[in-house]
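Me: I am new to this structure and would like to learn how to read it, one feature at a time. Could you give me the general idea in each case and then turn to the example at hand?

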Amino acid sequence: MRNLILLLFTAGIFFTANAQESDYQLVEQTLNYYMEGGTNNDFNTLKKAFHETATMKYITKEGYKEVNALEFFSGMDASKPKSNRKNRIAEITISGHAANARLELEYENFTFVDYMNLLKVDGEWKIVSKIFYKRVD
């Protein structure tokens, strides 16, 4: 009986760890769609990352702005040269069907620090909101 309980406990830990790792990989994949699409000016790849109603909020010289993320990025032109930047996922945190991530998109003279909130919608991880800061290096 003790061995059976130990076996079930071990199996439970194994399946929980695999589910978390799988969600981590799926969140990472969603973030990569965003970063690759942005780097390559490829809207079709980038839009795989976002929920259709995702918002983007940021501060400009004029103040607070809030826009639909897909509308904001819809003007991308894949015929333009690839962006010269380094993309890095600095952090991912997952709690059930909610996650957040911090990304760093490093250009020659500045870095965008993006904070993404994601939800698992119908089995797929989607960015539902983005805020960012442009850090001048």
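Me: Leaving out residues up to four places away in sequence, which residues does glycine 96 touch?

Reply: Please keep in mind that this is a predicted model. A contact here means heavy atoms within 4.5 Å, and by that reading glycine 96 touches Asp23 and Trp125, once residues up to four places away in sequence are set aside. Glycine 96 and aspartate 23 stand 73 residues apart in sequence, while their C-alpha atoms are 9.1 Å apart in space.

Me: Where is glycine 96 placed, and is it buried or exposed?

Reply: Glycine 96 sits in the loop between β3 (86-95) and β4. To judge burial one compares the relative accessible area with cut-offs, under 20% for buried and over 50% for exposed; glycine 96 has 57% relative accessibility, so it counts as exposed.

Me: How many helices and strands does the protein chain have, and in what order do they run?

Reply: The protein chain has three helices and six strands, and from the N terminus on the order is α-α-β-β-α-β-β-β-β. Of the contacts in the chain with a separation of 6 or more, 46% are between residues 24 or more positions apart. Of the 137 residues, 30% are buried, and the chain exposes about 9100 Å², of which carbon and sulfur atoms supply 53%.

Me: How should I read a backbone angle such as phi, and which phi does asparagine 41 have?

Reply: The general idea is that most residues other than glycine have a negative phi. Asparagine 41, although not a glycine, has a positive phi of about 55°, and its place is the loop between α1 and α2 (43-46). Its relative accessibility is 14%, so asparagine 41 counts as buried, the cut-off being under 20%. Beyond its neighbours up to four places away in sequence, asparagine 41 touches Met76, Asp77, Ala78, Lys80, Pro81, Lys82 and Ser83. For one of these, aspartate 77, the C-alpha atom is separated from that of asparagine 41 by 5.7 Å, although the two are 36 residues apart along the chain.

Me: Aspartate 122 is not a glycine either, so what is its phi, and is it buried or exposed?

Reply: Aspartate 122 also has a positive phi, of about 50°, and lies in the loop between β5 and β6. Aspartate 122 is exposed, because its relative accessible area is 79%, whereas asparagine 41 is buried.

Me: How are aromatic pairs read, and how many does a search of the whole structure find?

Reply: The distance between ring centres tells whether two rings pair, and the angle between their planes tells the kind of pair, with over 60 degrees counting as edge-to-face. The search finds 10 aromatic pairs in the whole structure. In one of them, the rings of tyrosine 107 and phenylalanine 112 have centres 5.9 Å apart and planes at 90°, so the pair is edge-to-face. Phenylalanine 112 has a relative accessible area of 21% and is therefore partly exposed. Ring pairs also link Tyr34, Phe50, Tyr58, Phe72, Phe73, Tyr107, Phe110, Phe112 and Phe132 into a cluster.

Methods: Residues numbered from 1 in each chain as written. Predicted model: local features only at pLDDT ≥ 70, side-chain atom pairs only at ≥ 80, totals over all residues. Heavy atoms only, no water. Helix = DSSP H or I, 4+ residues; strand = E, 2+ residues; numbered from the N terminus. Buried < 20%, exposed > 50% of the residue type's maximum accessible area, 1.4 Å probe, protein only. Areas by Shrake-Rupley, 256 points an atom, 1.4 Å probe, with all protein chains shown as cover. Phe/Tyr/Trp six-rings, centres within 6.5 Å; stacked < 30°, edge-to-face > 60°.
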